[in-house]
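Could you walk me through this structure while I have it open in my viewer? I am new to it and would like to know what to select next and what I will find there.

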Amino acid sequence: MTNPVSDTSNPTHSSPAVVFETHDVTKTYQMGEVEVRALRGIDLELYEGEFVVMLGPSGSGKSTLLNILGGLDVPSSGTVRYGDTDLSTFNESVLTQYRREHVGFVFQFYNLIPSLTARENVALVTEISSQPLAPEEALKLVELSDRMDHFPAQLSGGEQQRVAIARAIAKRPRVLLCDEPTGALDIRTGIVVLEALAKVNRELGTTTVVITHNVAIADMADRVIRLSDGMIASIEGNPHKKSPSELSW
Ligand SMILES: Nc1ncnc2c1ncn2[C@@H]1O[C@H](COP(=O)(O)OP(=O)(O)OP(=O)(O)O)[C@@H](O)[C@H]1O
Ligand SMILES: [Mg+2]
């Protein structure tokens, strides 16, 4: 699939669909007497099919923002539009439905069920989805066809993370939200996991957001968003997108 976002130089090309549009999103946590202002007015658009890397110091609000986009949390004020719908007005059961049908999550720790094989871990999700990929197909996308009947304890960290990615994408979500997906992995294994994310983004057109502390990963993004102190510090396009194997760490 050609990427509509990196094609903005072509004036005849129609602009890509907006998947998310946030307006003045804030999030304040009340900790007893203390207010923690995790997000302080986020205005952001995310586009269909793009690969976004989100950077920022610890505590800058990255996970909070990702969790709000994914319907795991709700803003204190402001609006979050997903397509034509306003997520910030959703109640818990509608948010659950939204998460189930539209969003895939990948976290630093893989959260696989130890007593189930790779195939069974993925099948748990495909069984409750309306138009899923077959578990075998999802595992093939992340290059794990030869490990499908292994249990998590029989897989390396990178392999377990790729099972987690297969599980997240098997329901064909429109968006894939990844919070430090390579945080627990060494460089070489991290690259394999990033290859899997890039492939899913390319082949399924899944809008992908990756939070990372590794600045090198920004080179594989269509756009790089930097957060600082609960606000957006910068948003930059990346005209020279690299493949994960070309990243210099
Ligand atoms: N559930 C919560 N209750 C209270 N404060 C919270 C909660 N979640 C996050 N915070 C606070 O909100 C701020 C932003 O946290 P967040 O987890 O979004 O940061 P982050 O950018 O993801 O950091 P890191 O890179 O360390 O993961 C921090 O000051 C954090 O302590
Ligand atoms: Mg975080």
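Start by selecting aspartate 219, which is partly exposed at 30% relative accessibility. Keep in mind that this is a predicted model.

Next, select glutamate 136 and arginine 119, whose side chains meet in a salt bridge (2.7 Å, N to O). Here helix α4 (residues 135–141) supplies glutamate 136 and helix α3 (residues 118–126) supplies arginine 119, 17 residues apart.

For another pair, pick glutamate 159 and arginine 147, a salt bridge with its closest N and O atoms 3.4 Å apart. Glutamate 159 belongs to helix α5 (residues 157–169), and arginine 147 to the loop between α4 and α5. Glutamate 159 is buried, because its relative accessibility is 13% and buried means under 20%; arginine 147, at 26%, is partly exposed. In the whole structure, a search finds 12 salt bridges.

Last stop: threonine 22, in strand β1 (residues 18–31). It is buried, at 4% relative accessibility. Its side chain reaches the backbone oxygen of isoleucine 42 at 2.8 Å. Show its surroundings too: beyond neighbours within four places in sequence, threonine 22 is in contact with residues including Asp43, Leu69 and Val80.

Methods. Residues are numbered from 1 along each chain as its sequence is written. Chains are lettered from A and ligands numbered from 1 in the order in which they are written. This is a predicted model: local features need pLDDT of at least 70, side-chain atom pairs count only at pLDDT 80 or more; totals for chains, interfaces and linings use all residues. Side-chain values use heavy atoms; hydrogens and water are left out. Helices (H or I, at least four residues) and strands (E, at least two) are DSSP runs, numbered from the N terminus. Buried means under 20% relative accessible area, exposed over 50%, partly exposed in between (1.4 Å probe, protein chains only). A polar contact is a pair of N or O atoms within 3.5 Å; within protein, one must be able to donate a hydrogen and the other to accept it, and residues adjacent in sequence count only if both atoms are side-chain atoms. Contact means heavy atoms within 4.5 Å. A salt bridge is a side-chain nitrogen of Lys or Arg within 4 Å of a carboxyl oxygen of Asp or Glu.
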